[in-house]
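Please keep the structure in view while reading.

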Amino acid sequence: MMEEALEAAETTIKKWDPNSQSYTKIISMFRHNRKEAREFIRCVRDLRKAMHFLVSQDSKSDKLVLAQNLMQMGMSTLEKEFFQILSSNRDQLEPESASAHSTISSNSEFEVLMEYDDYNDDVEDDQLKKAGESICQVEKASTLVMSDLKVIAETMISCGYGKECIDSYKLIRKSIVDEGLHLLGVEKIRTSQFQKMDWRVLEHKIKNWTKAAKIGVTTLLRGEKLLCDHVFSASITIGQSCFNEIAKEAGRNLFMLPELVANKEKKPHHGRIFKLMDLYAAISDLWPDIELIFNFDSLASVKTLVLSTLKKLKDSIHTCLKEFETAIHKDSSKELTPEGGIHRLTRTTMSFISSLSEYSRVLSEILAENPLKRNTRLLEYYFTAPILEDEHVNNHAFSVYLASLILVFLCKLDTKAESYNDVSLSYFFLVNNLQFVVVTVRSTRIKSLLGDDWLTKHDAKLRSYAEKYEKAAWANVFVSLPAKTSTKLSPEEASTCFKRFHASFAGAYMKQSSRVIEDAKLRDELKVSIARKLVPEYRRFYEKYSPVLRKDKNIEMLVSFKPDILENYLSDLFHGTAIISGSSHSASSSLSPLSCCSVGCVKD
């Protein structure tokens, strides 16, 4: 058997020896004739067994020398084949091809087929046909190439020529991984260069990095890990060593940008929090893959870098949250919005909070570990976190933070409202700004974080502000008309009431008509509320006393101010100016002289 193995090995190995006269000019035996390729592998393995036998019998025999020479020839041929397969099948060995195989069979096609002693072309065709039924052509090609690499690697390693195999593999595969990262836009950045980088440029780089990192980890590095584990499944140590050489530098380069950002943004402006959270979320999502890919000691430095970066990003995000709240506390701007409109601080604060709500998972995780200090007793009285339907999501810490942040802001609004000299304008300001807050909460993800109870409480608070505004702005108009229970007025008393009503209404209207409510629903509700209190009372008074006073020319213009005209005036409120439209033209044209008459009445 030993002599037969030597004879068969000599014939087959010399046939494919580049220095032999019988060497065929075919580029690759594995591509040209897979049957001969398998025969070559079988001969090499048999030769190895024969060499072990010869060493045990006579370590100086001529046959052993021949076997050693044949083995060197065979290994040279396999090394060439290994290199050619790696370099000429880059498409089939792209990391995404490997990562598409969630699991790769530990047995190569060669291993399966070499179990058949009577192997022939028909058997190979049947096996490949079965394989083709379960995977597409591209996957089949990828599987065959990986199978070839695996059987060559196993053979060379078992024969003591693992170094030659490993060197070729690392050389080619490292260049592919490095090229893949380059195509994804991942490049080395010098610290000095990074420190000078404008934030807008950095924002663009962060945006691109979050996309590139997902592909880089889940496709490029994961695929490379699967391929390496498969090809060198015969030796875990060799496989780890190979992947370490290929992926260690790539992993550090991939996570260099977030590390630099985390180091730079130790005291970041709160406006930068969103890009920091994008980085944190991207890395957190990739962490399970990172743990699996860099799962041995020689690559621990990559995991350490990632964990350190996550910690620094978390601290920077936490600092941003505190910095934003402090900015609200310290806002000492004396700027007041004209006529009680929506304050700039209201818009910027609610825009910021609305954007924060889109990062509830990240912020819930960060705040659960390190909550911001709060007046717990006050907060418990003010807010009860909602019970979410998804019991796997714990947003409690973030919900509490949002509620407390809005409370801080509303307190600041109260302070700003006090700066107005007009009480009605103070409440008008609070109505406008609280409505903006409530609408923002109701129309964004904040609603699910604060809950219906929060909205109910603040709707009630909004109604309270609106009622106080009405009382402060229109009370003189409301009381200018006689009560329902009052006794019948004389013509002189009725005339005085008409004059008093028109004077108070003209003054209130001219003052309130310049004020604006942007929210159409609130604007209509407030106008309807005022009209319901005023128009029916005026209509009752008008219908009762106008016939008595029509003969008095001195107050003819007052009497001509009908209830419908009053309604038209009220309908024009809170647009910023007294609107002169088709429905209210007559009303608007009559108010000016009416005001003059009213002023005269007051003077009298």
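This is a predicted model: local features need pLDDT of at least 70, side-chain atom pairs count only at pLDDT 80 or more; totals for chains, interfaces and linings use all residues.

A residue is called buried here when its relative accessible area is under 20%. Tyr509, with a relative accessible area of 1%, is therefore buried, and Tyr569, for which the value is likewise given as 1%, is buried too.

These two tyrosines form an aromatic pair. Tyr509 belongs to helix H22, which covers residues 491–512, and Phe505 lies in that helix as well, four residues away, or about one turn of the helix. Both Phe505 and Tyr509 are buried. The ring of Tyr509 has its centre 4.9 Å from that of Tyr569, and because the planes stand at 75°, the pair counts as edge-to-face. Distant parts of the chain are linked in this way, since Tyr569 sits in helix H25 (residues 563–571), 60 residues apart from Tyr509 in helix H22.

In total, the model has 24 aromatic pairs. Another of them joins Phe505 to Tyr509, with ring centres 5.9 Å apart and planes at 20°, so this pair is stacked. Ring pairs also connect these residues into a cluster, whose members are Trp474, Phe498, Phe501, Phe505, Tyr509, Tyr538, Phe541, Tyr542, Tyr545 and Tyr569.

Elsewhere, two helices can be considered together. Two packed helices are described by the distance between their axes and by the angle between those axes. For helix H14 (residues 273–293) and helix H16 (residues 344–357), the axes come within 11 Å and cross at roughly 0°; with angles under 35 degrees counting as roughly parallel, H14 and H16 are therefore roughly parallel to each other. On the H14 side the contact is made by Ile273, Phe274 and Met277, and on the H16 side by Phe352, Ser355 and Leu356. Sorted by class, the contact of H14 with H16 comprises five nonpolar residues and one polar residue, with no charged ones.

Helix H9, which runs over residues 162–183, has 22 residues and spans 31 Å from its first C-alpha to its last, close to the 32 Å expected at 1.5 Å a residue. After H9 comes Gly185, which has a positive phi near 90°.

Beyond its neighbours within four places in sequence, Asn244 is in contact with Phe296, Ser298 and Leu299.

Methods
Residues are numbered from 1 along each chain as its sequence is written. Side-chain values use heavy atoms; hydrogens and water are left out. Contact means heavy atoms within 4.5 Å. The expected span of a helix is 1.5 Å times one less than its number of residues. Axes are lines fitted to C-alpha atoms, for helices over the stretch in contact, and angles run from 0 to 180 degrees between N-to-C directions. Angles under 35 degrees count as roughly parallel, over 145 as roughly antiparallel, 65 to 115 as roughly perpendicular and the rest as oblique. Ala, Val, Leu, Ile, Met, Phe, Trp, Tyr, Cys and Pro count as nonpolar, Asp, Glu, Lys and Arg as charged, and the others, Gly among them, as polar. Rings of Phe, Tyr and Trp (its six-membered ring) pair if their centres lie within 6.5 Å; planes under 30 degrees apart count as stacked, over 60 as edge-to-face and the rest as tilted. Buried means under 20% relative accessible area, exposed over 50%, partly exposed in between (1.4 Å probe, protein chains only).
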